[in-house]
Every structure is written in structure tokens, then in C-alpha cells.
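Student: I have just opened this entry and would like to find my way around it. Could we go through it one question at a time?

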Amino acid sequence: MKDLTRYRNIGIFAHVDAGKTTTTERILKLTGKIHKIGEVHEGAATTDFMEQEQERGITIQSAATTCFWNEHQLNIIDTPGHVDFTIEVYRSLKVLDGGIGVFCGSGGVEPQSETNWRYANDSKVARVIYINKLDRTGADFYRVVQQVDKILGAKPMVMVLPIGIEEKFCGVVDLLTRKAWIWDESGDPMNYAIKDVPADMVDDVETWREKLIELAVDQDDAVMEQYLEGNEPSIDDLKRCIRKGTRDRAFFPTYCGSSFKNKGVQLVLDAVVDYLPNPMEVTPQPEVDLDGEETGEFAIVDPNRPLRALAFKIMDDRYGALTFTRLYSGKLSKGDTVLNTATGKTERVSRLVEMHANSREEIESAQAGDIVAIVGMKNVRTGHTICDPKNPATLEPMVFPDPVISISVKPKQKGGEEKMGAALTKMVQEDPSFHMVTDQESGETILKGMGELHLDIKVDILKRTHGIEVEVGEPQVAYRESITKRLEDEYTHKKQSGGSGQFAKIGYVIEPGEVGTGFQFESKVTGGSVPREYWPAVEKGFESCIDKGVLAGFPCLDLKFTLLEGGFHPVDSSAMAFEIAAKAAYRQSLPKAGPQLLEPIMNVDVFTPDDYMGDVIGDLNRRRGMMKSQETSQTGARIKADVPLSEMFGYISDLRTMTSGRGQFSMSFSHYAPCPNNIAEEVIKAAKERQAAK
């Protein structure tokens, strides 16, 4: 049986271009997993194995790999940094015990760093911080440390200090041991010497070491007492305190280096082993019932307990579907039959593999704490629980954001619809933030995603991976509708011309609900004017209509319906009659309740050199943006604004033109807000023209 105390399930996450994948390559080289380093800018990184990743130099999907350091097994997931693919970060963090947050030494805490950090907080993941690219012009270790504190609200525990900066960066001082690690210029990560602290750094080292000790001893009263009496704690006691504080997320051990130049990564690996928790040290996953309510039971990390595992990623490759799975308790072996609690069906585990990016190694079994891939599972989807059929249980599921942008696609080749449909079905299974629907009236295939790049990549995968050329329609915004007034009304449904008739009368109120409440229904009928058995039919009738508003046919948000009174016929009334009455009442009353169009508003976070700040703010104002904040630093200006999604199409090319290619931005969904009348009129007119054309 494996020793779980020597396991570390970790993720590497950061903003685009902070050096996550390069850092992963160095870790794989140092741990002996690969023998030749592949560079991201050359399209040769091990974990960037998709063609689209190699061409664009960005990570699109998370990649898993396993390696060993100081007799510890590291299961590592390299995640994307681009905002359109944060779903990959979210679902990876859900199954990890610890993480390495990578920050650029010159860029600092960038927009996507904040989003990923927030996801990690939500998932209660312990982290160490690695400030990378200290060899770059404009790098400033101490500034980034301040930003972590100020912008992320996190407490960095500085563990090393850089020796030199920018082109003079050559190593780090380990504050615990007071030793300097200095690398030569050969580029070999193993060519380093451990020396005494440079004379000009002695005072700084003592100052920062004292801060480190004061933070650490807070974690243990006995050690704190000894320290206050003037006894410096031993390194072992300090490490024990740092490990506890890191696990409890009281602070985050902070390191620095240059992954590209192979300097500083060893100390980060040591920190992963020394300070990040093993699977048994994290809060166990709660079990839930079929309604998603917690049962009070937990999946305790123990190989001898019943199987509890979470499928967190589906990937289709040339060998078939791979289901990436985190085992929380129990064991899983080749040939086992497991229960999927989401479908209620059992499936047989035909093969188990350990992944190294897109290559694999067959294994016979896995146990609690492992991250493995199961080959050939047919009905398992992201977020499903796999468990022991004799001891069923469901783990807390994942919640995914709704897409905010859509395009229509159709195959260029005649008769290609079936092939395209099969390919898209596989892609939807792999990515829960990617949706596909067929427009019932026009027969068009609509793809929905998190942003322009997200959908662009999906179309590219259709073309290259599946060999399907498609024609792409203009991007469409996911508008919504709502109402502004409370309206009391009544409706009578009567059809009594010979034979069995239909009769239903309802008096009701339609009103705007609280933001985020969705559809609500309540009955205040007294005295039996509408018998209780017909209330669900009225609710069903109203609920079936909210997917189509009266202005332009967009789904409605946050409506509350209250049934007040009504009337029935002892023979002619039925559930069907009351359902029909509710549907007709919706169509009758909604136009009188002040309907309005809502548009998605995005959180836009722009980084630009100072010289272009005025142009960028002016452009965001023209796009109907509402400024929230602006900050300037040595490296440039950061502007945060709320901007309607409809105004953001093609923004990246405009931003690059404005800033001579140096600007960058991140965008995520914030909320829905009422659309200005002139915009609403255009959207409604276009929607009606599309419907007429169909």
C-alpha cells in the first residue's frame, strides 16, 4: 500500500504568460520525468500538446503528469491562464490539495491571477507563491510581494530573497538556512553552488528572517513562548509551524526565480514537499444527497473505506474517452464495476492509466489520493461521482458558469451535419462551459461559450482534429428579458362546446423577483377556489413559458408568480386545463408588466503602459463602460471597468493597435443590466427579422 503522507496533488496556476508551463517543464526536468526541456515559445512544451496550444503559445486545457522529488510523488496539473479557459482552473482546483501560484516578476498580480486566486480560496487550496521572471527588465520582487498583500488580500511569507535583479539576477538567499544558492550562466539547473550570504545583503536577510519567524511562531503557542523568552526556534520547529500555517492558509510561503534561466525552481519543489498538505491533511469532501444537500458524511481519505471518486475532466483522444478521476477514498482496480450516482448506472473499469500530458502508462490499480484516468467510460461526465455499488454516495458536485456568447455554425460540405454533430457532442462532454443547441425554428446549430477565443478554438478543433470545415455566423450576445412592474390579472380558459370540456380560471400576480432568484411560484389560494391538486399544473404552465420573453424571445430572468384565486368546474376542470390557462395568462400579462431587455455586463480588467492610459479609458467610455478603478505602477496602468459584452467584440485587436501591441486585458461575466432603449430597439428589431426569415 502506498504511503499517502508522501503524496502531493498540486496545480500550477497564474495569469497568461507568467510562466506556468515553463515552470512545469523545469519541474519535470529536475525530477527526471523528461530529459530535454521543451520551450513554450518554440511550441515544444510537454504539457502543451494540442496544435492550438503550440501555435498560440498558451495553455488551453489542463494537463496532468506525475513525477517524484525527495521520495515524494507529485501529481501535477498545469492549468490555462487565459480567462476563457478558467473552467479548467476551477475544475482542477476542485480536486487538488495544494497549488503553486506563479506571478510574473515584472507584471506582478495581473487580472487573471486574481480570478484564479479567488477560485483557489473558494476551493480552500493551500498554496506556495513563486515570483518568476526576475531576470526580465522591470522585475521587482518586493513590489510583487506588496501586490499579493494589497490586491489579493493574502499574507505572503517571504522565504527567499533574490540576489541581483533583471539581467544581474543569479540566485536566491534561503532565509531559513541563511545560505545563498547561486547558479552559473550555463543554463543547467544543477550547476549551482551554496555559499554564504553576500555581504551587502546580510542586514536585509536578518530583517526578513525575523519577519518570517514572527509569522511562523504564531502557529504554535509553545514555540511562541520560547521565542518571546529570547530562544530562536530550531529550523525543524519553524518548518513545522510554516507547514501548519500554510495548510490553514494563514500565510503563503513565497519564493522567486527565473524558470526560463533554470534558477530557483529546486527551492519551490522543496517547499511543495515541506509545506503543502498530503491528501490526508485537507478537509474531507462532503457527501450530498440527490437534491445536493449535505448529508453530514464525508469521503475520508483512506484506502480501506468504500470507493469515492470524482470525475473532473473528460478528454477524447485517439484511443477513446479518458475520464480524469480523483480518488478520495477506497481503491480502484482494472476490471472493477463502479456506480455512477448521477445516472444510477454501473460501468466496468476496463483500463486504468497514469497520464503524462498526452502519453500514458497503464496501471493495475489506484487508491485514495491518486489522480488517474479511466479509459472507455461511456456515461460519466464532469462532476459525476464514481463509487462502490454496495455503498453508494455522491460527492459535492461542480457548478459551472453559463456561456455568454454564441455563434451559429454549419458544415461547408453537403451532408456533413451528422459528422459535425458527433464531433460537437464529444467536445461538449469534454468542456462543461461549452454548449451546443439546435434552433428549433431554423435548424441552425448554435455554439455557446465563455468568450471569442473560446469559440475560436472550438471551431479550430472542429477543423483540424475532426476534419470538418464550417461556416461561422456573427457572434451573438446572450440577452435576457425581465419585467419592471407588479401586475395583478386574471385569465379564464373555457372550451365547452359539446363533449368533455375544459375550464380553468386563475387570478394571479406577476412581479419582478429578487436578482438571482430565477423562477418563483407561490400559491395564496384560500377556500378551495382552485383545488390544491391543480397548483402544480399552474406552476408548470408559468415555468414552461419563461424561456421565451415577449420582446425578442430571449429567456426571462427573476420572475415571481403568485396564484391568488380562481374558479373550477367539477367535470370540465383538469390539470391540463389549468396548465393551458397559465400559459395563456403569461402571454396576456407579460406585455403589460413593463418588459425590458437585459444585456450581459462584463468585468473588464485592462493593463496598458502609462502613455496609452488616456486612449484606453476614452475607448472604454465609447464602449459604454463604467469605470470602477484605475491604478498606476512602475510597469504601467491597470483599469477596471464594467462594459456591455456587445461592445467588446474585437476588443483585443483594437487594444493592441492603441497600445502598440503592449496592452492586454481579461474579461469575465459580472451581471445582467437593463439595456438602453436605443440599443434594445435595435436588438428587438433584429430578433424579429431573424424570426420572420425563419
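Student: In β8, which residue is the bridge partner of Leu-161?
Tutor: This is a predicted model, so to speak of local features we need pLDDT of at least 70, side-chain atom pairs count only at pLDDT 80 or more, and totals for chains, interfaces and linings use all residues. Residues are numbered from 1 along each chain as its sequence is written, and side-chain values use heavy atoms, leaving out hydrogens and water. Strand β7 pairs with strand β8 (residues 171-174) in the antiparallel sense over four bridges; strands are DSSP runs of E with at least two residues and helices runs of H or I with at least four, numbered from the N terminus, and two strands pair if DSSP finds at least two bridges between them. Within β8, the partner of Leu-161 is Val-173.

Student: Which strands stand at the edges, each with a single partner strand?
Tutor: Let's follow the sheet across: its four strands are ordered β7-β8-β9-β10, forming an open sheet with antiparallel pairing. An edge strand has a single partner, so one of its sides is left without a neighbour in the sheet, and here that describes β7 (160-163) and β10 (192-196).

Student: Are α14 and α15 roughly parallel or roughly antiparallel?
Tutor: Helix α14 (residues 613-622) and helix α15 (residues 651-658) have axes that come within 10 Å and cross at roughly 150 degrees. Angles under 35 degrees count as roughly parallel, 65 to 115 as roughly perpendicular, over 145 as roughly antiparallel, and the rest as oblique. That is why α14 is, relative to α15, roughly antiparallel.

Student: How many residues of the contact of α14 with α15 are charged?
Tutor: From α14, Asp-615, Val-616, Asp-619 and Leu-620 meet Tyr-651, Leu-655 and Met-658 of α15. Five of the contact residues are nonpolar, none is polar, and the number charged is two. Asp, Glu, Lys and Arg count as charged, the others, Gly among them, as polar, apart from the nonpolar Ala, Val, Leu, Ile, Met, Phe, Trp, Tyr, Cys and Pro. By those classes, the charged count is two.

Student: At what angle do α6 and α8 pack?
Tutor: Leu-212, Ile-213 and Ala-216 of α6 meet Leu-238, Cys-241 and Ile-242 of α8. This contact has six nonpolar residues, with no polar and no charged ones. The axes of α6 and helix α8 (residues 235-247) lie 8 Å apart, and the angle is about 65 degrees.

Student: Over which residues does pLDDT stay under 50?
Tutor: pLDDT is the predictor's confidence in each residue, from 0 to 100. The chain has a mean of 83, with 88% of its residues at 70 or more. Where pLDDT is low, the predicted coordinates should not be read in detail. The stretch under 50, which has 92 contacts beyond four places in sequence, is residues 34-62.

Methods. Axes are lines fitted to C-alpha atoms, for helices over the stretch in contact, and angles run from 0 to 180 degrees between N-to-C directions. Contact means heavy atoms within 4.5 Å.
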